[in-house]
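Please look through the structure shown below, with its sequence beside it.

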Amino acid sequence: AATCGLVVKQQDGLKMGMPLDRVMKDHNIATVGKLQSLKVKTGEGGIDVPDGHWLFKEWRAKTGDAVKAGDPICVVKQPSWNDCLPRASTMTLGGGGDPC
């Protein structure tokens with residue numbers, strides 16, 4: 001998110017080792033703001049995982065947690081690479097960029 005907010009929804013069904021590109025319909029792993037679903041509206045920011053084959057490892061923030069821009073939301077990893085920590089956005093909404 002471009003500003004502070006609450007983690008209001010996350011993909012709760014994820015388990016360690018799940019291949020994200022196979023079990024998720026899109027790359028939105030969590031929503032920061034006031035939404036009750038993973039859909040992202042103006043003024044809120046979805047936390048995306050990177051493109052490619054990533055495995056879910058663990059949550060770093062839970063639903064209801066207050067987060068600041070740059071806080072890690074979860075840990076994902078590629079089978080043979082280091083971990084990646086998608087973070088609450090430090091960019092303006094729609095800014096794009098590498099989630100890690």
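The count of aromatic pairs comes to one, where rings of Phe, Tyr and Trp (its six-membered ring) are taken to pair if their centres lie within 6.5 Å, and planes under 30 degrees apart count as stacked, over 60 as edge-to-face and the rest as tilted. The pair is formed by F56 and W59, whose rings are 5.3 Å apart from centre to centre with 55° between their planes, and it is tilted. F56 counts as buried, at 4% relative accessibility, where buried means under 20% relative accessible area, exposed over 50%, and partly exposed in between (1.4 Å probe, protein chains only).

This is a predicted model, in which local features need pLDDT of at least 70 and side-chain atom pairs count only at pLDDT 80 or more, while totals for chains, interfaces and linings use all residues. Residues are numbered from 1 along each chain as its sequence is written, and side-chain values use heavy atoms, with hydrogens and water left out.

How many salt bridges does a search of the whole structure find? The search finds one, a salt bridge being a side-chain nitrogen of Lys or Arg within 4 Å of a carboxyl oxygen of Asp or Glu. In this salt bridge the side chains of R60 and E58 meet, at 3.0 Å from N to O. Side chains of opposite charge can pair when their charged atoms come close. R60 is partly exposed, with a relative accessible area of 45%, and E58 is partly exposed as well, with a relative accessible area of 32%.

The chain has one helix and seven strands, which run β-α-β-β-β-β-β-β from the N terminus on; helices (H or I, at least four residues) and strands (E, at least two) are DSSP runs, numbered from the N terminus. Of the 100 residues in the chain, 36% are buried. Contact means heavy atoms within 4.5 Å, and among contacts between residues at least 6 apart in sequence, 52% join residues at least 24 apart.

The largest nonpolar core has 18 residues, and those with the most contacts inside it are L20, I29, I47, V67, I73 and V76; such a core is a set of buried Ala, Val, Leu, Ile, Met, Phe, Trp, Tyr and Cys residues joined through side-chain atoms within 4.5 Å. Strand 2 (28-32) and strand 6 are the elements that give two or more residues to this core, and the largest share, three residues, comes from strand 2. Leaving aside residues up to four places away in sequence, I73 touches a list of residues that includes V7, A30, I47, W59, R60 and V67.

Q78 is buried, with a relative accessible area of 15%, and touches H53 and W54, not counting residues up to four places away in sequence. C84, in strand 7, counts as buried at 3% relative accessibility. The C-alpha atoms of C84 and P50 are separated by 8.7 Å, although these residues are 34 apart along the chain.

The chain averages a pLDDT of 74, and 75% of the residues score at least 70, where pLDDT is the predictor's confidence in each residue, from 0 to 100. Over residues 90-96 the pLDDT is below 50, and this stretch has 10 contacts in the model beyond near neighbours in sequence.
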